[in-house]
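Open the model in your viewer and keep the selection panel at hand.

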Amino acid sequence: MKLRHWITAPVLGVMLGVGVIAVASESPERSRLDTFRRLELFGDVLVRVQNEYVVPTDDAELIDSAIDGMLRSLDPHSSYLNPDDFRDMQVTTRGEYGGLGIEVVMQEGLILVVAPMDDTPADRAGIRSGDLLSHINGDPILGLTVDEAVDQMRGPVGEPITVTVIRAGEEPFDVTMQRENIRVRPVAWRVEENNVGYVRVATFNDQASDSLEDALRSIREEIDGDMTGLVLDLRDNPGGLLDQSVSVTDLFLDGGEVVSTRGRNPRDIERYNARPGDMTNGTPIVVLINGGTASAAEIVAGALQDRRRATLVGVPSFGKGSVQTVIPLRGGRDGALRLTTATYFTPAGRSIQATGILPDVEVAFRRGETVGRRLSEADLPN
């Protein structure tokens, strides 16, 4: 099965933290012995829970949670996907799934909204990037993993759900929405005055680059000639697939580097380049970004900025500069690992991990949005 590289802001969960990481200063033999002792300790704890916990337990769920806790103790974006979660992730990647249309991570026991998706219940209800969710239908989220919280937010299409929102500068308030079958449309477009094209890229799923290419052709046909300018809107785009971010950037560059990734070994460097041929023939581009612009969207913005192909306008982006590889276990029968395997760098060699992309022109687009510091990757644990 092909490994997919994800650079999105994915859901997070509880940290159970099975201690199997060797200390570098110890000898290899001592480290191995310590690891085996700790694995034996884990077995002892499992048996004690099986025999003495107040209610019967599910062994498979306990072990799955332990594996997930070990991975989540590494960083906010590594996790274990059980077989059901793995299938859900594959469906999400294809761009259709059930829910509210919201990308989230866990922060200090609450759900942090990275970005609502365009034309979804969350978007229409006014949920914003940076909002914190504390309750679902009156029940507190604190104590749940984010997967459990997401499961509660999903459900039969048409059923209402109420979430409690904590927003900076406001009292907590409830928002009621109806669940819908979410069909993510990655690209929307229109023609503005003076033959300026506007393209909104909402996410980087499997359809993103093809949809953008179709949109650019449609704009050119409606204008019946070349555009005088192009606005590429990446605000509240939470990211997605690495290959799609490269393919999207490729449409605007005439060759040259888009992004590079560097793994654990300093010599493990992979470079991704654009092919010759700029689909827009050098049309001036403005890229709109904000604090919800994350991961794959930051690759596009950073590449176009470094290559001096576009002017970035908005507020600093989210700052997620790591790459996750989804590794199926036993062909996916036992689920998969989502493991951070690399850091990405813009063409100028910049890592934007926890710092974000800084716009060329700082502009707040809506009331309450500031050009100063806001919740970002830097606020997440590890």
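How many helices and strands does the secondary structure of the protein come to? The count is 8 helices and 20 strands, taken as DSSP runs (helices H or I, at least four residues; strands E, at least two) numbered from the N terminus.

This is a predicted model: local features need pLDDT of at least 70, side-chain atom pairs count only at pLDDT 80 or more, and totals for chains, interfaces and linings use all residues. Residues are numbered from 1 along each chain as its sequence is written, and side-chain values use heavy atoms, with hydrogens and water left out.

Show the whole protein. Of its 382 residues, 47% count as buried (under 20% relative accessible area, 1.4 Å probe, protein chains only). Now turn to contacts (heavy atoms within 4.5 Å). Among those between residues at least 6 apart in sequence, 70% join residues at least 24 apart.

Select residues 28-52, helix α1. Its 25 residues should span 36 Å at 1.5 Å a residue, and the end C-alpha atoms are 36 Å apart, which agrees. The expected span is 1.5 Å times one less than the number of residues. Highlight S31, T35 and L46: they are buried.

Next, select α6 (208-223) and α7 (242-250). They pack at about 20 degrees, axes 8 Å apart. Axes are lines fitted to C-alpha atoms over the stretch in contact, and angles run from 0 to 180 degrees between N-to-C directions. The two helices are therefore roughly parallel (angles under 35 degrees).

Finish with side chains. A208, S209 and L212 in α6 meet Q244, S247 and V248 in α7.

Notes
Buried means under 20% relative accessible area, exposed over 50%, partly exposed in between (1.4 Å probe, protein chains only). Angles under 35 degrees count as roughly parallel, over 145 as roughly antiparallel, 65 to 115 as roughly perpendicular and the rest as oblique.
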